[in-house]
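Please open the model in your viewer and keep the selection panel at hand.

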Amino acid sequence: MSTDVATTTLGIDHRKLGMWTFLGSEFLFFGAFVSAYLLYLDTTAGGPGVEIFDIPFTSISSFVLLMSSLTMVLAHHAHTKGDMRRMRMWILATAGQGAVFLGGQVFEFNVFFREGLELSTSPFASSFYVLTGFHGLHVFVGILLLSSLYVLSLTGKIKPNQDVKTEMIGLYWHFVDIIWVVIFTVVYLIPEIAVIG
Amino acid sequence: MSTTDAPDQTESEGHAHPTPKQYVNIAIVLAVLTALEVSTYFLDFGTIAIPMLVVLMVVKFLYVAGWFMHLKFDSPIFSRLMYTGLAFALVLYAVMAIVTLFDHAPTI
Amino acid sequence: MSSTTTERKGYSGRPRKLDGFTGWLTTTDHKKIGIMYFLTVLVFFALGGFESGFIRWQLAQAEQSVLTEEIYNQFFTMHGITMVFLVVMPLSAAFFNYLIPLMIGARDVAFPRLNAFSYWAYLFGGLFLYSSFALGGAPNGSWVGYAPLSTDAVSNMAFYAVGINILGVSSLAAAVNFIVTILNMRAPGMTFMRMPVFIWMALVTNFLLLFALPIIAVALFMLNIDAVFGGQFFEPATGGDPVLYQHLFWLFGHPEVYIMILPAMGIISEILPVNARKPLFGYAAVVFAGAAIGFIGFGVWAHHMFTSAIGPVARSAFALSTMFIAVPTGIKIFNWVFTMWGGKLRFNTPMLFSIGFVSMFTIGGLSGVTHAIVPHNAQQHDTYYVVAHFHYVLFGGALFGLIAGIYFWFPKVTGKMMSEKLGKLHFWTWLLGFNLTFGPMHLSGLLGQPRRTAVLPGELGATVELYNLLSSLGFVVLFGSALVFLYNLITSVKRGEAAGDDPWDARTLEWITPSPTPYENFHVIPTVTHRDEFWHRKYAEDEAGRAIPVPAGASEDHDAAADHDEHIHMPDPSYWPLVQTLGFFPFGYGLVFGNFWLIGVGLAWLVIGLYGWIIEPVAEGDDDDPEDHTPTSGARATATAH
């Protein structure tokens with residue numbers, strides 16, 4: 001079945017339309033976790049609360065993830081020009097930055113765990129870990145997608161004239177980044193000020 | 001053969017396609033905005049701190065969505081799909097949060 | 001059957017057979033998938049029916065102990081889960097699958113393998129849920145699964161959380177698929193306002209699914225994490241709020257009931273005009289009302305929580321919004337009635353069930369309006385009055401409408417007619433049995449009979465006991481009626497009268513094709529110039545507005561040898577969706593039993609399955625094709641692309 005834009009009713013690619021449709025639903029998913037987190041900001045059951053955050057550290061990993069969106073869009077741009085070597089280079093850079101971000105998350109979680117914040121400590125703890133955990137899972141899936149993009153462009157499955165595939169995965173990646181833009185502010189920065197001052 | 005609202009373009013890209021240089025500029029803007037955000041941890045902005053963070057967050061969101069995700073240049077249907085989902089999320093969860101924050105013991 | 005000339009290249013060839021057992025296992029054809037949904041629904045309907053049978057046996061008299069309380073709780077929980085998630089929703093999906101491409105003039109859906117994925121995920125999710133009976137007990141905390149009871153291991157609700165999440169993934173994938181299909185694959189000339197009402201209702205329903213399913217996914221993940229992994233989302237001891245679960249559940253749960261009713265509304269919006277021989281009254285109003293119901297449906301959820309400490313302001317607000325939603329619903333009811341008014345009515349079985357829908361749903365809607373009044377709600381909540389309400393709208397409404405659809409489109413799917421005599425017998429006994437079962441529940445509920453209670457308390461008195469006995473007798477009638485229906489289905493497939501292409505003299509595009517629908521749907525994709533396109537090809541109007549048949553030739557899509565340049569690309573079969581979704585089993589059991597090794601195996605399986613799907617070869621014409629094929633002229637339908 002041809003997904004060629006010339007034969008679709010709205011003149012857009014099915015796959016791109018499908019990805020945007022899916023992303024629309026993901027707001028509902030993350031929104032619920034963010035809301036639960038905000039409702040439980042003070043419900044720490046005597047355990048650690050937002051004072052446990054290391055804002056400078058998280059800022060660095062947030063910055064890395066943000067810049068990975070740049071390399072992602074450069075990868076797509078290279079693809080539109082048919083420059084598959086450059087596209088692969090930027091894809092690798094994007095996945096690498098994603099991995100650095102995840103590494104930072106894992107490190108951060110370990111520190112918190114040792115300082116007494118476990119999944120079962122309090123509603124605050126559960127909502128923090130599950131919200132950022134699901135985001136991390138989304139980043140991980142994104143890294144898998146990027147790696148596949150890399151490998152499949154080497155095997156010829158992703159062809160120079162098929163930049164819509166890179167674009168689609170880019171959309172997912174940028175979305176995951178956008179969610180972190182929201183999480184960084186709403187989970188880390190604002191509570192720091194609101195709770196601690 | 002094309003029917004209803006198929007626009008007159010061949011592939012999914014609009015005619016205005018940002019250059020790598022423009023993308024890098026956007027990234028620099030995003031970096032600066034992030035630095036501003038982080039500065040609230042080190043400096044005391046008083047009462048405007050939280051509104052400022054919200055505004056910065058929204059601006060960053062719009063830059064990534066509009067430029068990196070190409071919404072500014074693409075078919076409006078993509079924007080509608082995303083913003084509908086976003087609007088539903090914002091409204092529904094705001095109402096839920098309000099109800100939860102203001103709940104009392106039952107009076108009936 | 002259609003030819004399958006596929007020359008496959010690549011190291012993992014695509015399956016080629018379109019028929020036989022392998023053909024069904026590897027199908028990506030929307031029609032076959034629709035049929036598989038339907039057959040699976042029949043099985044789950046029987047299971048849900050048996051569960052309700054035991055419930056009615058237990059409650060036929062006061063103070064009985066036919067079932068232990070534990071088993072009773074499992075049965076009513078699984079009855080609800082089965083009927084909602086494994087019967088009504090998938091039955092709607094069966095209709096979406098079969099009809100959407102046909103009604104919009106397409107050859108398949110946008111993502112055929114994803115479509116197969118949705119079916120297998122449904123089947124495996126259902127099997128996963130039912131396996132709980134053998135693995136420590138089925139969920140027993142009711143279909144809503146309120147915390148903190150549901151986070152306690154005694155309620156077996158981990159199966160509930162994981163099982164329904166698997167089903168949610170199935171439906172979410174389908175929602176993306178159908179939305180893209182409806183928006184992006186309509187035939188030339190089919191603008192939005194020329195789409196059949198069923199397609200509009202399908203579009204709204206799938207948007208509801210798209211936005212509501214993520215919310216229940218969150219609620220269920222939180223439930224799972226609390227129950228199995230030590231989370232504190234809903235644990236009062238550490239400050240968790242059980243009402244948060246209720247919010248998240250009903251934010252999904254209310255749109256869910258519109259998800260269950262809108263497809264049936266779409267179905268009868270097609271059947272009533274055909275059997276009244278006039279167009280739907282107020283097409284635009286019906287479409288707009290459907291969209292409004294969907295939209296407002298997101299704003300009424302806390303009317304399920306009036307007695308749950310949400311405060312008087314919230315109660316007033318949600319009571320208002322709930323009453324408001326009766327308006328678009330009422331608009332639709334009026335429009336259906338006015339469609340029939342002044343029409344040349346034919347009372348065949350689909351028509352009877354459609355009229356049954358309108359009347360029974362109205363009754364259910366009226367009891368719903370009484371729920372919206374907060375003080376009245378406080379008396380009705382957790383009583384059988386609520387059970388009566390939702391069975392009138394879901395059984396009397398959704399199920400009657402879906403059954404109407406079965407009778408109506410059976411000829412198109414099989415090429416045979418169902419027996420009218422048996423159909424009418426089915427209808428009248430079904431109507432009788434239904435009202436006998438659920439009518440008395442209004443009264444016993446108002447007299448104080450509580451829901452979800454294994455033993456009918458003797459102190460409620462003899463009247464309540466009588467009502468319960470009537471309900472149980474009603475079940476027996478329904479059981480017999482269901483057997484009539486099953487018998488009709490089976491014998492009609494084998495020996496039904498030949499249907500022809502257009503036995504009902506219908507209005508929409510699916511009736512243009514031969515019956516049963518050929519593999520490629522349309523030999524030539526139709527160009528659409530009217531709403532009710534098929535009707536306009538068959539009839540013109542004289543000065544008095546009467547329909548005059550147009551000389552034949554314009555109305556049917558028979559000419560396989562018609563000259564057309566297209567090479568018809570049909571989606572290739574694939575076994576990867578099936579292989580991949582099997583990974584839900586280890587993944588699911590890992591999440592239920594807290595076994596990280598199983599979770600890992602399951603995830604790896606799902607991911608590897610997905611890769612198989614991505615890298616399997618596609619065929620000529622697809623933009624993935626490694627070789628350049630110029631389309632040849634002449635008519636050939638081959639199983640090639642995608």
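Contact here means heavy atoms within 4.5 Å. By that rule, the interface of chain C and chain B takes 27 residues from chain C and 19 residues from chain B. This is a predicted model, in which local features need pLDDT of at least 70 and side-chain atom pairs count only at pLDDT 80 or more, while totals for chains, interfaces and linings use all residues. Residues are numbered from 1 along each chain as its sequence is written, chains are lettered from A in the order in which they are written, and side-chain values use heavy atoms, without hydrogens and water.

**First stop: chain C against chain B**

Select both chains. Together they bury about 1900 Å², 79% of it on carbon and sulfur atoms; buried area is the accessible area (1.4 Å probe) that two parts lose on being put together, summed over both. Next, select Phe211(C), His247(C) and Ala309(C): in chain C these lose the most area to chain B, together 22% of what that side buries. On the side of chain C that touches chain B, 21 residues are nonpolar, four polar and two charged. In this division Ala, Val, Leu, Ile, Met, Phe, Trp, Tyr, Cys and Pro count as nonpolar, Asp, Glu, Lys and Arg as charged, and the others, Gly among them, as polar.

**Second stop: chain A against chain B**

Now select chain A with chain B, where the contact takes 49 residues from chain A and 53 residues from chain B. The area buried between them is about 4400 Å², with 79% given by carbon and sulfur atoms. Which residue forms a salt bridge with Lys16(A)? The partner is Asp74(B), the closest N and O atoms being 2.9 Å apart. On the side of chain A that touches chain B, α5(A) gives the largest share, 17 residues. Helices are DSSP runs (H or I, at least four residues), numbered from the N terminus.

Select residues 420-446 of chain C, the 27 residues of helix α14. At 1.5 Å a residue the helix should span 39 Å, and its end C-alpha atoms are 39 Å apart, which agrees; the expected span is 1.5 Å times one less than the number of residues.

Definitions and conventions
Helices (H or I, at least four residues) and strands (E, at least two) are DSSP runs, numbered from the N terminus. A salt bridge is a side-chain nitrogen of Lys or Arg within 4 Å of a carboxyl oxygen of Asp or Glu.
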